[in-house]
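Please read the points alongside the sequence and the structure.

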Amino acid sequence: MTDTRRRVKVYTLNEDRQWDDRGTGHVSSAYVERLRGTSLLVRAESDGSLLLESKINPNTAYQKQQDTLIVWSEAENYDLALSFQEKAGCDEIWEKICQVQGKDPSVDITQDVVDESEEERFDDMSSPGLELPPCELNRLEDLAELVASSLPSPLRREKLALAVENEGYIRKLLELFRVCEDLENREGLHHLYEIIKGIFLLNRTALFEVMFSDECIMDVIGCLEFDPALPQPRRHREFLTKTARFKEVIPISDPELRQKIHQTYRVQYIQDMVLPTPSVFEENMLSTLHSFIFFNKVEIVGMLQDDEKFLTDLFAQLTDEATDDDKRHELVNFLKEFCAFSQTLQPQNRDAFFKTLSNMGILPALEVILGMDDVQVRGAATDIFSYLVEYNPSMVREFVMQESQQNDDDILLINLIIEHMICDTDPELGGAVQLMGLLRTLVDPENMLATANKTEKTEFLSFFYKHCMHVLSAPLLANTTEEKPSKDDFQTSQLLALILELLTFCVEHHTYHIKNYIINKDILRRVLVLTASQHAFLALCALRFMRRIIGLKDEFYNRYIMRNFLFEPVIKAFLNNGSRYNLMNSAIIEMFEYVRVDVKSLTAHIVENYWKALEDVDYVQTFKGLKLRYEQQRERQDNPKLDSMRSILRNHRFRRDARTLEDEEEMWFNTDEDDLEDGEAVVPPSDKMKTEEDLMEPISKFMERKKLKDTDDKEVLGKSSLSGRQNPSFKLSFSGSTKTSISSPPSSASLNPGSPGSPGSPGSGARSSPSTTTVTTKGGLVGLVDYPDDDDEEEEEEEDGESKEDPLPPSKKSKLSS
């Protein structure tokens, strides 16, 4: 077979019975050795990659629809379709498929869709075709029974469809319908209703093309008006011809496009309004009708999108001040419907669609429309804006940041959206809820892009907090100037709840931007005024806002709360609520419980300032637990030794981290000898060389440490300076910010810096560094601190007396020797 390349789109049917576009390419048929058969191959026109490789199986049912579609199933739930740009290409590939399967290319389906039982097959083999009764008034009942009996059997259904198609039976039936309607033959009209409904369930594209043609579709709808289950016929045709009007807001010059729009509207009306709701068993029988509408919409959007003159005129009239209100209303509604049609497109096609609208200037046009007074026009513009935000929020963000460089804050698109949200006149604030959702999408960092050169999150949030946040928070600030909300009606409270919901989202997802705004504008104090609202939902929104802030465990926020005593309105609301067991009560108790467990600074603040108001609350243990946690914290502060003992019991041993020990030793050994004043002695290098036999026994270490501590307690505290000549004993403190030196003469009483047992050695100094003692610099004594942790360390050293510290690293030894 020779290869035939034709331009096609590849579609697959998803679980929602919607067609997914897999790409555009060129189709050919060729023998594939790996598949051992002739196959359909589609290669992408963009990069030549293989979009489809499907073997033409002899038993697969291929179906040709609308002259440019070929549909088939490769597995139980895997349907494929090729949509051809040209009818000639479809015919040529269809001939290849029929040639492989040995079928006549004139058929529209190559196989039976579902296998029949052997008995049905045997019965039908004797009658290769289905004979229809003559299309006469007195035979309508027989025809209705034949259609009804054929629907359950896929094979008989296929034969019936072929017979109806080949004999031109639909046009004959519609002629009979006109006769019956003229004669008011109600029985014949009821039979025709059942027959036409059954033909719809045959699910055949060729029949739909006849039924939906301009000359037939209104009569088909007429047949479906006479439902036997209804006492009076419906008036669908009257609605379509008199009530429903086709308005060309912009003249459409292409007759094919006009015809396609009319047809799609009427077929959609048949599906939604005329046909009865299909049963579970009939639902799949209308899949071809769904596909017919879907591909029609794709074609309409594509044809309008390619008509640059049409779109240019549309946006020019939208933004023209001379356009009257009625005309603008029609233009906006058309654009809204146009965007709604685009939702049927696949992602890559939808991307091209919105890119075209963006290039045409849809966002500036929306900005003009949203500034108008007409509520209906603004509502339609909001719907269009929602399509844009949901599909590509980055495009909207980029536009509003660019326009801020030329326009004032008041006329920025995003501020217009906020103002419409604030000024929504609907008592239920339906529009405000929709706009708040759009704002939330725009400020959500999760859908913001980050590139090598710039971060959209940083740029947009900086813009938003500079140009827009004051507009969003204005109603909140205006309503909370006193101790109670100045306006506390239901609609105002709903609006403030929406604003608080968005601010709470910002607290959760933005970092320093919202923190700076809250602290600088004292937002939390204003929000907590709303806890006095008569509307519980608003008071709970205010509590939720504060709870999110506390949940961040950010000390900046905590200090702000303590400095401004912001728990006071919360406690007032708690006490005013009394002992009622409601959501307010539970929310406040949960907040205090969280503080008790996780936030020490706020625990102390609450107990020290509000304990008297809370001490009588005993139906929960939260507040007594707060007091207990506060007392435990105070006990640790007043008695660090107790805290140290607890840590020993908790950790089973008290040992410094080895890395910390090495760092502090390195700092001590790196002390520059030039920094020592004249007369101050340096530990002689010879002392370093003492052997392990000279190391003290564990009990000796304990006694020497105890004697050293007693000496410090009695003598050192009263002295203004300390040198080696005045006191032979000394202590070391290793500090990262102060250079340390040792004041001791090189006598036999000198302590060996290499001995772990020596209190002045680097090893023991590192161990006892929590007990910071004498720190000597060039100016002599700077400070003397003695923490009461030595006893714990002495006990630890008794337990670990047999253990030895690691010897000094060679680098440190060499530095000391030098």
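1. E593 is partly exposed, with a relative accessibility of 27%. In this predicted model, the side chain of E593 forms a salt bridge with that of R596, at 2.5 Å from N to O. Both residues belong to helix 28 (residues 583–598), where they are three residues apart, about one turn of the helix.

2. A salt bridge also joins R178 and D219, with an N to O distance of 2.3 Å. Because R178 is in helix 5 (residues 169–183) and D219 in helix 8 (residues 217–223), this pair ties together parts that are 41 residues apart in sequence. R178 is partly exposed at 38% relative accessibility, whereas D219 is buried at 13%.

3. R397 and E456 form a further salt bridge, their closest N and O atoms lying 2.9 Å apart. The two residues come from distant parts of the chain, 59 residues apart: R397 is in helix 17 (residues 393–403) and E456 in helix 20 (residues 456–467). R397 is buried, with a relative accessible area of 0%, and E456 is buried as well, at 11%.

4. How many salt bridges does a search of the whole structure find? The search returns 27. Salt bridges also link K64, K87 and D91 in a network.

5. As to the cysteines, the structure holds zero disulfides. C90 is buried, with a relative accessible area of 0%. C541 is likewise buried, at 10%, a value that falls under the 20% cut-off for burial.

Notes
Residues are numbered from 1 along each chain as its sequence is written. This is a predicted model: local features need pLDDT of at least 70, side-chain atom pairs count only at pLDDT 80 or more; totals for chains, interfaces and linings use all residues. Side-chain values use heavy atoms; hydrogens and water are left out. A disulfide is a pair of cysteine sulfur atoms within 2.5 Å. Buried means under 20% relative accessible area, exposed over 50%, partly exposed in between (1.4 Å probe, protein chains only). A salt bridge is a side-chain nitrogen of Lys or Arg within 4 Å of a carboxyl oxygen of Asp or Glu. Helices (H or I, at least four residues) and strands (E, at least two) are DSSP runs, numbered from the N terminus.
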